[in-house]
Amino acid sequence: MTIALKSPFPTQAEIREAAVKPILQGGWKWWGLFAVLTAIIAAGVAAYGYQVMKGLSVTGLDQRVSWGFYISNLIFFMGISYGAAIASAVMRLTSVPWRHGLTRMLETIGLAAALSGALFPVLDLGRPDRAWYLIRYGQIGSPVVWDVIVVTNYLVAVLLFLYLPLIPDMAFCRDQLGQKVGRIRRILYRGLAVGWGGRPNQRRVLGQSITVMSILIIPVAAAVPSVLAWLFAVTVRPGWDSTIFAPYFVLAAIFSGVAALVVVLALVRKAYHLESVITEQHFKMLGYGLIALGAAYLYFMVAEYVTEGYKMGESGTQLELVLTGRLAWLFWTFVIGGIILPILAIALPFTRNILGITIAAFAMVLGMYAKRFLIVVPGLAESILPAGKLTIYHPSWVEITITVAAAAAIPWFLMVFFRLFPVISIYEDGTAEAAASGEGE
Amino acid sequence: MSIRQFAFVFALVLAGSLLPLVGGLGNALAADPPQATTLKVVQPADQQPGKPVLLSAKLTNAAGQPVGNQTINFYIIPGVFGPDAMMSAGRAVTDSTGTAEFPYTPTWIGDVKAAVSFNGTATLAGSQATFQFKAVGPVRGHTNAKFGLQAVRDWAPWVVAALVAIIWGTFITVVVRVAIAMRSGGPKSTSPTTAGESLAGAKP
C-alpha cells in the first residue's frame with residue numbers, strides 16, 4: 001500500500017494558474033499602491049531637479065565626504081541586483097527543484113534594483129552631463145571606468161537573463177489570454193514571443209541559451225561588486241585598505257539579494273494570494289540560506305576588523321568611529337539587529353515561519369544598508385592629513401527624498417512588470433516536469 | 001681645624017675653581033677669530049635618465065686656499081614644508097683640493113633646489129651656498145619595472161577588451177541563435193507545458 005504525500009511545493013497546474021493571476025487582477029488596491037509609489041518617485045525626481053538647479057551644495061556632501069548616501073545606495077541596490085541574479089543562476093544550474101516559484105522574481109528584482117542603483121553614480125556627479133566625461137575622458141587604469149564597463153555589461157546580461165525564459169511564457173500569454181487583456185498587451189506578447197511555437201529546435205536552442213546565460217551571468221555579476229570593492233580598496237583611505245573587499249562585497253550582495261527576495265516573495269504572495277504556489281517551505285529553504293550567508297558575512301567582517309584593529313595605531317580614528325565612536329550605535333544595531341537576532345529568529349523553531357523569516361529578512365536588508373553606509377562614510381570622514389579633523393556628514397532632505405524614491409521605484413517596477421508578465425516561469429516548470437516524466441529531449 | 005686653616009683651604013679651592021675660567025678667558029682673549037671660509041658649488045649637469053647627480057662643493061679659506069678634511073652637508077629644499085625648510089640628503093668630507101662630492105638621485109622630476117653647508121670649527125667659520133639643477137628622470141621610487149605591476153598596467157586594457165569581447169560575443173551569439181531558432185519552421189509542440197496554443201483548457 002502506498003500513501004500519497006502532499007508535496008510542500010506546488011503542482012504544475014497551480015503554478016500555471018498563479019503565474020497569470022496578477023496579469024488579470026487589478027483593482028483599486030493595485031491602483032492605490034501604484035499611485036502612492038508614483039507620487040514618491042515623482043518627489044524624488046523633483047528633488048533631483050532641485051539638486052541640478054542648485055548644485056551639490058543642497059546635499060550633505062562636501063569636499064571630504066563626496067560619497068555619502070548616493071554611493072551607499074549604489075552599492076546597496078546593485079548588491080541586491082547581482083545577489084538576486086547570482087542566486088537565480090545558481091538555482092538554475094544546480095536544478096534546485098523548488099526554484100520554479102522564485103527564478104522569475106529573482107531576475108525581475110535583479111533588473112529593477114540594477115536600474116535603480118545604476119542611476120546613483122550620475123546623481124553623485126552633480127551635473128548629469130558629466131557622465132559623458134567618464135566615457136570621453138575615461139582612463140582605463142581607473143576603477144571608476146572599470147565600474148562603468150562592468151555595470152553596462154551587467155545590465156545587458158541581466159536583461160537577457162530575464163528575457164530568455166520569458167519567451168515561451170509570452171507565447172502562453174499570446175495564445176491563452178486572448179481578449180482577456182487589451183490590444184496593446186496582445187501586441188506586446190506577440191512581439192516578445194518572437195514566434196515561439198514550442199518546436200524541438202526552439203526548445204533545444206532556448207534551453208542551451210538559458211544555460212549559457214546562467215553560466216555567464218555569475219562572473220559578470222560577481223565582477224560588479226568586485227570592481228565596486230576595488231573602487232574603495234585601491235583608494236588610499238582609512239578603513240578601505242583591504243584585500244578581502246572583493247569577496248566581502250560579493251558575499252554581501254548575495255546575502256542582501258536573497259534577503260530582499262524573501263521580503264518581495266512575502267509581499268507578492270500576500271498581494272496576489274499565491275499561497276498555494278509560494279509555500280512556507282520556500283521561505284524555510286531561503287531562511288537556511290540566509291543563516292549560512294549571514295554567518296559567513298559575520299566571519300568576513302570580524303576578519304576584516306580584527307586585521308585592521310590589530311595594526312591600529314594612534315590613527316585608528318575611522319575604526320574607533322565605527323566601533324566605539326559616534327557611529328557605534330549604527331554598527332552595533334546592524335550586528336545585533338541585522339545579523340545575530342535575524343539568524344536566531346530563523347534558526348529557532350518557534351519563529352521559523354513565514355512571518356518570522358520575512359521580518360528577519362527585512363531586518364537583514366535594513367542592516368546591510370547600514371553596513372554599506374558604514375563602509376563608505378567613515379573612511380572619507382577621517383582626514384589623512386596630520387592636523388586634519390574628522391568630518392561630520394549628515395544627508396540632506398534632497399538625498400533622503402531621492403533615496404526613498406529609488407527604493408520605491410523597485411516595488412513600482414515589480415508591480416508594473418508582474419501586471420504585464422507572468423510572475424512565475426510557466427515554461428520552465430513544464431520543462432522540468434516533462435523531463436521528469438520522460439517527455440524531455 | 002682653626003679658622004685660619006679653614007680660610008687657607010677655602011682660598012685654595014676657590015682659586016682652583018677660578019683657574020679654568022681665568023685660563024679660558026685668557027685663551028679667548030689671546031686666540032685669533034675663526035677664519036672665514038667660502039663654499040663654492042660646482043654647478044651639476046642636468047640629471048641623466050636613471051643616473052644620480054653628482055653634487056660637488058669646494059671649501060676654501062679666506063686666502064682662497066682649499067680646506068681639506070672637513071665635513072660638508074648636502075641638503076634638498078623641497079619647498080613643501082616652507083621655503084627654507086631643508087631635507088638632509090647626505091654628507092661628504094673634503095679632499096686635499098677642498099672638494100666634497102655627493103651622488104644624489106632625485107625623487108621627482110623638474111627643478112631641484114639644493115644647499116650645501118659647512119658648520120665651521122673653532123678656527124674656521126661656517127659657510128653655506130644654495131644652487132639649483134634640473135632632474136629629467138626617471139627618478140628613484142618611480143622607475144618602470146621590466147616585469148611586475150607596471151606590466152599588469154600595460155596589459156590591463158587588452159585584458160579588459162578581451163573579456164568584454166568574450167561577454168559581448170556570447171550575448172550576440174545567444175541572441176542570434178534564439179532569433180534563428182524562433183524563425184525556424186517545423187511542427188509545433190503538442191506538449192501542454194511548452195506551447196501556449198495547446199493550453200486551450202487551462203484556466204489562467
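This is a predicted model: local features need pLDDT of at least 70, side-chain atom pairs count only at pLDDT 80 or more; totals for chains, interfaces and linings use all residues.

Biologist: Which residues of α3(A) and α11(A) meet?

Modeller: From α3(A) they include Gly79(A), Ile80(A), Tyr82(A) and Ala84(A), and from α11(A) they include Ala252(A), Phe255(A), Val258(A) and Leu261(A). The residues of this contact divide into 12 nonpolar, four polar and no charged.

Biologist: And which element gives the most to the largest nonpolar core?

Modeller: That core has 140 residues, and α11(A) gives the most to it, with 17 residues. Val258(A) and Leu261(A) are among the residues with the most contacts inside the core, and so is Ile109(A). Leaving aside neighbours within four places in sequence, Ile109(A) is in contact with Ile80(A), Ala84(A), Ala260(A), Leu261(A) and Val264(A). Another core, of 16 residues, lies apart from the largest one, and Val67(B), Ile72(B), Tyr104(B) and Ala114(B) are among its members.

Biologist: On to chain B, then. What is its pattern along the sequence?

Modeller: Chain B reads α-β-β-β-β-β-β-β-α, which comes to two helices and seven strands. Buried residues make up 16% of its 204 residues.

Biologist: Why are β1 and β5 of chain B said to stand at the edges?

Modeller: Their sheet is an open one of three strands, in the order β1-β2-β5, with antiparallel pairing. β1 (37-42) and β5 (99-104) each have a single partner strand, so one side of each is left without a neighbour in the sheet. Neighbouring strands here are turned by 20° against each other on average, direction ignored.

Biologist: How do you know that β2(B) and β5(B) count as a pair?

Modeller: Pairing takes at least two bridges, and six join β2 (residues 53-61) to β5(B), running antiparallel. To pick one spot, the bridge partner of Leu55(B) in β5(B) is Phe102(B).

Biologist: What about the sheet of four strands: which are its edge strands?

Modeller: The order in that open sheet is β4-β3-β6-β7, again with antiparallel pairing. β4 (87-93) and β7 (127-135) of chain B are the edge strands, as each pairs on one side only. The twist averages 25° from one strand to the next. Inside the sheet, β3 (residues 71-76) and β6 (residues 110-118) pair over four bridges, and Phe74(B) has Val116(B) as its bridge partner in β6(B).

Biologist: Why does His273(A) count as partly exposed?

Modeller: Exposed needs 12 or fewer neighbours and buried needs 20 or more. His273(A) has 13 C-beta neighbours inside 10 Å, so it is partly exposed.

Biologist: And is Asn69(B) buried or exposed?

Modeller: Exposed: it has 10 other C-beta atoms within 10 Å. Asn69(B) sits in the loop between β2 and β3 of chain B, and its phi is positive too, near 60°.

Key: Residues are numbered from 1 along each chain as its sequence is written. Chains are lettered from A and ligands numbered from 1 in the order in which they are written. Two residues are in contact if their C-beta atoms, placed from the backbone, lie within 7 Å. Ala, Val, Leu, Ile, Met, Phe, Trp, Tyr, Cys and Pro count as nonpolar, Asp, Glu, Lys and Arg as charged, and the others, Gly among them, as polar. Axes are lines fitted to C-alpha atoms, for helices over the stretch in contact, and angles run from 0 to 180 degrees between N-to-C directions. A nonpolar core is a set of buried Ala, Val, Leu, Ile, Met, Phe, Trp, Tyr and Cys residues joined through C-beta atoms within 7 Å.
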